[in-house]
Amino acid sequence: MKRKSILALAASVMLMSSMTMCMTSCVENDNPVIKPVDPKEQFHIYLCFGQSNMEGNATPEAMDKKDVDPRFQMLACVNFNSPKRTMGEWYTATPPIVREGTGLGMADYFGRTMVKYLPENIKVGVVDVAIGGTKIEGFISEEVADYIKPEADWLKNYFKAYDNDPYKRLVDMAKIAQESGVIKGILLHQGESNNTQQDWPQKVKLIYDRLLNDLNLNAEETPLFVGEMVSKQEGGACWGHNAVIAKVPSVIPNSYVISSANCPQKGDGLHFTAQGYRIMGQRYAKAALELMGIDAEIEEPAAPATEFELDSKFTSLSSIGSTPFVIYNEATKMAFFGSDNQNLGYDALSSALQKSNATIGFKLEASGNYYLLRAITPNDDEYNIWGGPGYLNSQPVDGWCSFILGLKDQFGQDMENGALWDIKYEEGKGFTLKNVGTGKYLQDASPAKYDEPAYFSFYSYKEAKTK
């Protein structure tokens, strides 16, 4: 017995030695070590919230109800009777995915596009809490009770579906989702009920930060995708809020604006058609996929003809002279223009370079060490208002603001040096515009109030050629 034990021990030592040599050889030969894959990593979760366009306002068509890849899942955030769904359970994301009686929305073709381009072992799930007609305050737990108290019964009934606290429901459902997957991002479409309210980005940030904290998420790994309202060109009733949405990336660094350009609406100025939702959903997905290094080819409607087009790019102030130019942001693909109500617009180039705008360009006028930016009409005339010249004029940070105004005596709206600009060119980046009155930089269609500059390209422009 003793001899057998010794032999067994020797064999065991030789086996262990052989295994050690093999493991060493594997390391020396740089062979990859195969680790088991966590199933959670293969289930990508996206939180969705907002009002009616996120909820889904278009009736799903036949094409929307068939061939939904079962890799695209929805977590029921309320109980459904038809189709029968239980809150907190996963289902294939056949519309409606938000609540019984809702329609096609932003998340539907977001998820379908995601699974189309992601590897076959990856599933995508959406957790969608949305209420048609709600203000952003409806997602701020300490404000929601006072907000809905004076509202109409139909809106109160929507809130009852979420126990009068949709933010809590979103977090509760997100925690259930985290048991089987990993949250990869957040989708938002809301703003019609807060149209043009300048503090909206800060309220969005409040909700975003709370989601990160309550769900133990990392801001650098959790992008926020924010969709625009129906555009002005499509007859949007709240298109002015798009200038407010454009400010979100300056408040939330890891956030991205999803353009609504050329997306058709159903005629009420507020809601997209089914085709509009398909396009918007694909655009949300394209932005998310690009962050993963995946270039998705998506369906896009034909853009309206741009009535002017960019011509020559300037790389110094001295080269501009008296030539009218467009102030264009290469990163956001947006340009400044004067709208028909004398406000400064900031929108997609195709929207900025239209003959229907009051102004489309600017001319430099030297004033000591600084410059005035004279507004130029589509007819190449200098813009005048109330008998005086029109300039790009930054108003005080607080209070009501308007921008394309005369230099002096505009009913007390002007500020000292509000129309004077310190303009610098940085090689490889572009021009920066610091307002002499505020000492702050211009970034968007709000007053110059930012500590960090945005970089703009100055282009001459010409009437677009017609086919």
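Good morning. I begin with helix α4, whose buried residues are Met106, Ala107, Asp108, Tyr109, Phe110, Gly111, Arg112, Thr113, Met114 and Val115. Please bear in mind that this is a predicted model. With 10 of its 12 residues buried, α4 is largely enclosed by the rest of the structure. The helix covers residues 106-117 and reaches 18 Å from its first C-alpha to its last, close to the 16 Å expected at 1.5 Å a residue. Elsewhere, the charged end of Lys123 sits over the ring of Phe43, at 4.4 Å from its centre.

I turn to the nonpolar cores. The largest has 86 residues, and the members that touch the most others are Leu47 and Leu211. Helix α11, residues 274-291, supplies the largest share of this core, nine residues. Beyond its neighbours within four places in sequence, Leu47 is in contact with residues including Val127, Leu170, Ile183, Leu211 and Leu215. A second, separate core holds 24 residues, among them Leu317, Ile327, Leu373 and Phe458.

Finally, the aromatic rings. There are 14 aromatic pairs. In one of them, the rings of Phe272 and Tyr277 have centres 5.8 Å apart and planes at 65°, so the pair is edge-to-face. Both Phe272 and Tyr277 are buried. Phe308 and Tyr461 are likewise edge-to-face, since their ring centres are 6.1 Å apart and their planes at 85°. Because Phe308 lies in strand β8 and Tyr461 in strand β19, this pair ties together parts 153 residues apart in sequence. Phe308 and Tyr461 are both buried. One aromatic cluster is formed by Phe325, Tyr425, Phe431 and Phe458.

How values were computed
Residues are numbered from 1 along each chain as its sequence is written. This is a predicted model: local features need pLDDT of at least 70, side-chain atom pairs count only at pLDDT 80 or more; totals for chains, interfaces and linings use all residues. Side-chain values use heavy atoms; hydrogens and water are left out. A nonpolar core is a set of buried Ala, Val, Leu, Ile, Met, Phe, Trp, Tyr and Cys residues joined through side-chain atoms within 4.5 Å. Buried means under 20% relative accessible area, exposed over 50%, partly exposed in between (1.4 Å probe, protein chains only). Helices (H or I, at least four residues) and strands (E, at least two) are DSSP runs, numbered from the N terminus. Contact means heavy atoms within 4.5 Å. The expected span of a helix is 1.5 Å times one less than its number of residues. Rings of Phe, Tyr and Trp (its six-membered ring) pair if their centres lie within 6.5 Å; planes under 30 degrees apart count as stacked, over 60 as edge-to-face and the rest as tilted. A charge sits over a ring if NZ of Lys or CZ of Arg is within 6 Å of the ring centre and within 35 degrees of the ring normal.
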